[in-house]
Amino acid sequence: MGLFKKNPFGHNLFLKKWLIRILAVITHKRYRGFNTIEIEGSDIIRKLPPQNVLFVSNHQTYFADVVAMFHVFNASLSGREDSIKNLGYIWQPKLNMYYVAAAETMKKSLLTKILAYAGSISVERTWRSEGQDVNRQVKMSDISNIGTALKDGWVITFPQGTTTPWKPLRKGTSHIIKKYRPVVVPVVIDGFRRSFDKKGLRIKKKGILQSMVIKEPLDIDYENESFDSIIEKLEYAIEQHPSFLKVIPKSELMAYEEENKKRKFRV
């Protein structure tokens with residue numbers, strides 16, 4: 001790879017590779033050391049095509065979730081079986097891997113700008129801005145950028161747009177699926193909100209068992225399936241459909257709410 005080769009967003013790939021390597025070394029112990037991550041589905045990762053794959057996941061922290069996915073996906077591609085043991089897998093990381101994030105979040109600090117360079121597709125949120133509820137139109141350039149990323153490689157998205165569990169999925173995800181027809185891979189995570197603060201930068205508690213389940217790609221009729229049907233399918237796949245609330249004890253729900261109150265984002 002040449003020193004000056006760039007991806008479709010103008011990011012230097014040599015620099016991006018070293019950023020990913022350094023960030024991986026710094027963060028590895030968060031998932032295999034201070035805490036433990038249990039993984040299912042590494043074999044599914046290895047069977048995926050190199051481009052036009054959309055990972056859809058529930059969301060628990062701003063950054064720890066997606067950093068864990070970078071570890072797990074690269075480890076899986078390097079032949080690790082449901083493990084991130086031995087960090088050598090990050091020496092040749094998958095460089096065409098991206099994640100969707102709120103633009104305002106990625107501009108907050110030097111660290112978030114570095115994380116953005118490592119693979120963020122920054123989008124303007126249509127429902128929330130600077131801690132206030134808003135109602136604005138989707139920027140077509142944001143949709144186009146996600147399409148560009150899918151054409152180049154893999155994209156990770158958190159369609160709830162919030163770290164609060166069981167919130168409705170944003171319908172924009174179904175529009176992207178119908179427009180670009182990616183392979184859609186559900187991912188279900190847990191344990192991250194107990195391990196980290198809301199930003200996912202500070203370790204809040206050690207000795208937590210984290211989990212990541214990568215499921216088989218969804219069967220979607222891109223031509224005929226409705227937007228609402230796709231959203232419902234995604235909600236079930238990432239275990240965030242309202243029906244899941246019926247089997248969750250009230251005490252656990254209240255505990256989630258209390259924990260979320262303590263984890264309010266502060267700039």
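Predicted model: local features only at pLDDT ≥ 70, side-chain atom pairs only at ≥ 80, totals over all residues.

Visitor: Why is Thr 61 called buried?

Guide: Buried means under 20% relative accessible area, exposed means over 50%, and partly exposed is in between (1.4 Å probe, protein chains only). Thr 61 has a relative accessible area of 0%, so Thr 61 is buried. Across the protein chain of 267 residues, 50% are buried.

Visitor: Where is Thr 61 found, and what makes its link to Asp 65 a polar contact?

Guide: Thr 61 sits in the loop between β2 (53-57) and α3 (64-77). A polar contact is a pair of N or O atoms within 3.5 Å; within protein, one must be able to donate a hydrogen and the other to accept it, and residues adjacent in sequence count only if both atoms are side-chain atoms. The side chains of Thr 61 and Asp 65 are joined by a polar contact of 2.8 Å. A polar atom of the Thr 61 side chain also lies 3.0 Å from the backbone nitrogen of Ala 64.

Visitor: Why are α1 and α3 called roughly perpendicular?

Guide: Axes are lines fitted to C-alpha atoms, for helices over the stretch in contact, and angles run from 0 to 180 degrees between N-to-C directions. Angles under 35 degrees count as roughly parallel, over 145 as roughly antiparallel, 65 to 115 as roughly perpendicular and the rest as oblique. Helix α1 (residues 13-31) packs with α3 at about 105 degrees, their axes 10 Å apart. Therefore α1 and α3 are roughly perpendicular to each other.

Visitor: Which residues of α1 and α3 meet?

Guide: Contact means heavy atoms within 4.5 Å. Ile 20, Ala 24, Thr 27, His 28 and Tyr 31 in α1 meet Ala 64, Val 67, Ala 68, Phe 70 and His 71 in α3.

Visitor: And what makes α7 and α9 roughly perpendicular?

Guide: The axes of helix α7 (residues 172-180) and helix α9 (residues 227-237) cross at roughly 110 degrees and come within 9 Å. So α7 and α9, too, are roughly perpendicular to each other. Among the residues making the contact are Lys 178 of α7 and Phe 227 of α9.

Visitor: Is Ser 226 buried, partly exposed or exposed?

Guide: Ser 226 has a relative accessible area of 40%, so Ser 226 is partly exposed. Ser 226 lies in the loop between β9 (209-214) and α9, and a polar atom of its side chain is 3.0 Å from the backbone nitrogen of Ser 229. Ser 226 and Lys 178 are 48 residues apart in sequence and 8.9 Å apart in space, C-alpha to C-alpha.

Visitor: Why does Glu 239 count as partly exposed?

Guide: Glu 239 counts as partly exposed because its relative accessibility is 31%. Glu 239 lies in the loop between α9 and α10 (250-262) and has a positive phi of about 60 degrees although it is not a glycine.

Technical notes: Residues numbered from 1 in each chain as written. Heavy atoms only, no water. Helix = DSSP H or I, 4+ residues; strand = E, 2+ residues; numbered from the N terminus.
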